[in-house]
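Open the model in your viewer and keep the selection tool at hand. The stops below say what to select and what is there.

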Amino acid sequence: MADDSPDRSGGAERVDGESTVRAAAEESTVRASAGEVRVSLSVPDMDCSSCADKVGSALADLPGVAETDLRPTTGTAKLSYDEDRVSRADLVGAIESAGYDVVDAEGEGEGTDSVETESVWETARAKKTAVSGVFLFVGLLVQFGLSGLNGPVVAAAGRELLLSDALYLVAVLSGGQVIARNGYYSAKNLSLDIDFLMSVAIVSATGISLVVPDLHFYVEAASLALLFNVAELLERYSVDRARQSLEELLALSPDTATVRREAEATDGSEASERASGERTRPESRDGDRVEVPVEDVLVGETVLVEPGEKVPMDGTVTEGASAVNEAPITGESVPVDKAVGDKVFAGTINEQGFLAVETTAVAGDSTIDRIVELVEDAQANRTEREQFVERFADYYTPAVVAAALLATFVAPVVSGGGWATWFIRGISLLVIACPCAFVISTPVTVVSGVTGAAKNGVLIKGGNHLEAMGEVDAVAFDKTGTLTTGELSVTDVVGVNGNSDTDVLQCARSIERRSEHPIGDAIVAHADERDVSDREVTDFESITGKGVRADLDGRTHYAGKLGLFDDLGFDLDHVHLTTDGGVVVDDASTLCEDRDDCVDLRETIPRLQFEGKTVVLVGTADELEGLIAIADEVRPEARRTVERLREQGVEHLVMLTGDNEGTARAVAEQVGVDDYAADLLPDEKVARVETLVGEYEDVAMVGDGINDAPALATATVGIAMGAAGTDTAIETADVALMGDDLSKLPYLHRLAHTGNGVIRQNVWGSLLVKATLAVAIPLPFVVVPLWFVVLAGDVGMTTAVTANATRLARLKPDSATA
């Protein structure tokens, strides 16, 4: 029919009932297939790419591990393994052999309680770092401020150990213990990472100071230990902040639900059903109130939600009416009125009246759980810049380590001395050899952007999609339900060739009752309002992109576009009008010369279309019976959305629709797009998007995520509108606007564009600093203090990169500034 025939195959229904894995907070196990198990282990200390590399290397040595998905930004290891070849304990042991503890490793089953993680500033590493800092400070005070106290405390083998040196050694031992431990595991797993490099630097500086009488690098070793630990703590703090953003999403759903349940529903029979994997609703919804964990609530049970409480499960309202705050899902804080028959979502807040809700999904399969799961999965989709940085790091680190070795062992020979100076330069090069700052620059930015967007009702399903959205130069919009509200209503009914408007409505209602298209729904609703009866329907068929056909009382009828009836061979220039049926006839201006009831539909139809209405013709293969005009209101925010996108630098904005030329032109003029294309079949929409991609390269397509699925898949970024509660839209689109709010689109573009800028600043800024240091350190006429190298090349850059990335979380839909 007029616009965007729906995908009648429907979305795949989830029936596995798997619980969403809660990253960085819990661990769970599910069976993937016979003999194969999927497990998600919480590894909080795995917070960087080199950490993940070490864990991956340790797991690679185990037989029977089919798949590893290591996510340092959430501190989780998602594994698939053959339980006949390797055990869960083996997996935990392998991870711990890489130097990382597995939290709650003994837990079993699904949905274990959340693991409380301590603050990074309360960890053993933080406490040891504080002790190291105190002894380093006291040592500096004794050496430079209270030199009279700086006498020898130990004398052996012809050497004296001064008080300040002893204090520095305590600082090294306190702060260097965790570094040396991690360095050992790095060496064990053949990982040339920062832990190994810093361990080498600290041990070398300390060892030479103890062995060579004239060399004293105690203060340098202590400074390295302290500053590197501070850098690691700051990095962990930043990662924890990103993880907390995800945990805040997890915390939206309550842990318990009040269920209306018969007494039998809580006895051992239900427990045995659940143990056997069967999840069926109780016989009756009438009964006592029982508070149970949300994991025990079955599909079809009735949960009771009092004012001020959170809705515990996705479901449909069966009793009561209230205003519900859906901000956790859609990002919109204005409460939405809910009554019997309306959908509600887990995690939303019932603000006023009592609600009884029949559940439609089990815990772990709600909309908010799918959002969290997809946000977690988004971290596995690496951006092009992230892949570039990782490829660069593969060459950068070995090259700088080689330069450090040359500076330490070759340069003194070539230059004829200065071993101490070149040794410090070698250690300085080791400090900047690890590309931590620019390696974490992209994933931290992606996590900040994706979780911030999710809180504002925009679900981005991967860092690659966030990156691509920031580069978009053209945006294509669907019309119905995107630029317009999609709330269609009948405005005109015209009967021709002896048919009354009631006859036309009765025929159209009978055919469209089987249709899944919004236009069909509007016609049926209008007929119901006028109490128009139904006719017997058989042999229904949807004609993709054109309309529908069905047999009414044994005779084939059609309802659809003008083109459908052109294909049937109709001459619409002259048809006989028998009743006004509405407002159209009074305005009809072209009548046949030989009779008063002949109207030229070739003029009537374009006039209706010019008014922005969609025209549906109704008839048989032999006779046109009438037409129905349907209007769809343009969204109030549509024009402003188009203007904002243009202001933000999007070059081309176009509307693609299956509706007629006149209606398309009217809507396009109202919203202000640069171009439009009408009368498009689904495959023609795809072709138009392909043309845009060829011309502009990066193109976003905005639609409903179901009817427009092929076009969304063809675009660089597919964006689905109003995806809350629509499984297919969430699964098929690259980005989902959970609320039915087009104004979130400029926010999405601004967020992505800003995110790309942040990544560029972080990557190139850290590269510039490290390149400058790499050039300056070996120069004989330049002195770069070791403490400055650590601060600028490691601590400072790590802090700057993570702080810059968190700017994305402050970007809001109602603001264009970061």
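Select Phe217 and Phe423: both are buried. The model is predicted. The two rings form a stacked aromatic pair, with 5.1 Å from centre to centre and 20° between the planes. This pair links distant parts of the chain, since Phe217 lies in the loop between α5 and α6 and Phe423 in helix α11, 206 residues apart.

How many aromatic pairs does the structure hold? There are three aromatic pairs. For another of them, select Tyr184 and Tyr185, which form an edge-to-face pair: 5.2 Å centre to centre and 65° between the planes. Is Tyr184 buried or exposed? Tyr184 has a relative accessible area of 51%, over the 50% cut-off, so this residue is exposed. Tyr185, at 16%, falls under the 20% cut-off and is therefore buried.

Next, select Leu224 and Ile432. These residues have the most contacts inside the largest nonpolar core, which has 52 residues. Colour the helices that each supply at least two residues of this core: α4 (163-188), α5 (194-211), α6 (218-250), α10 (384-415), α11 (419-433), α25 (744-776) and α26 (786-805).

Stay on Ile432 and show what surrounds it. With neighbours within four places in sequence left aside, Ile432 is in contact with Tyr396, Val400, Lys770, Leu773, Ala774, Ile777 and Val789. Then move to a second, separate core, of 40 residues; Val450, Val702, Leu742 and Leu811 are among them.

For a helix pair, select residues 638-647, helix α20, and residues 661-671, helix α21. Their axes are 8 Å apart, and the helices pack at an angle of about 60°. Show the side chains where they meet: Ala638, Arg639 and Val642 from α20, and Glu669, Gln670 and Val671 from α21. By class, this contact of α20 with α21 has three nonpolar residues, one polar residue and two charged residues.

The last stop is a sheet. In which order do its strands lie? Three strands make up this open sheet, in the order β12-β11-β14, with antiparallel pairing. Select β12 (336-338) and β14 (349-350): these strands stand at the edges with a single partner strand each, so one side of each has no neighbour in the sheet. To finish, select Val324 and look across to Asn350 in β14, which stands opposite.

Notes
Residues are numbered from 1 along each chain as its sequence is written. This is a predicted model: local features need pLDDT of at least 70, side-chain atom pairs count only at pLDDT 80 or more; totals for chains, interfaces and linings use all residues. Side-chain values use heavy atoms; hydrogens and water are left out. Two strands pair if DSSP finds at least two bridges between them. Helices (H or I, at least four residues) and strands (E, at least two) are DSSP runs, numbered from the N terminus. A nonpolar core is a set of buried Ala, Val, Leu, Ile, Met, Phe, Trp, Tyr and Cys residues joined through side-chain atoms within 4.5 Å. Buried means under 20% relative accessible area, exposed over 50%, partly exposed in between (1.4 Å probe, protein chains only). Contact means heavy atoms within 4.5 Å. Axes are lines fitted to C-alpha atoms, for helices over the stretch in contact, and angles run from 0 to 180 degrees between N-to-C directions. Ala, Val, Leu, Ile, Met, Phe, Trp, Tyr, Cys and Pro count as nonpolar, Asp, Glu, Lys and Arg as charged, and the others, Gly among them, as polar. Rings of Phe, Tyr and Trp (its six-membered ring) pair if their centres lie within 6.5 Å; planes under 30 degrees apart count as stacked, over 60 as edge-to-face and the rest as tilted.
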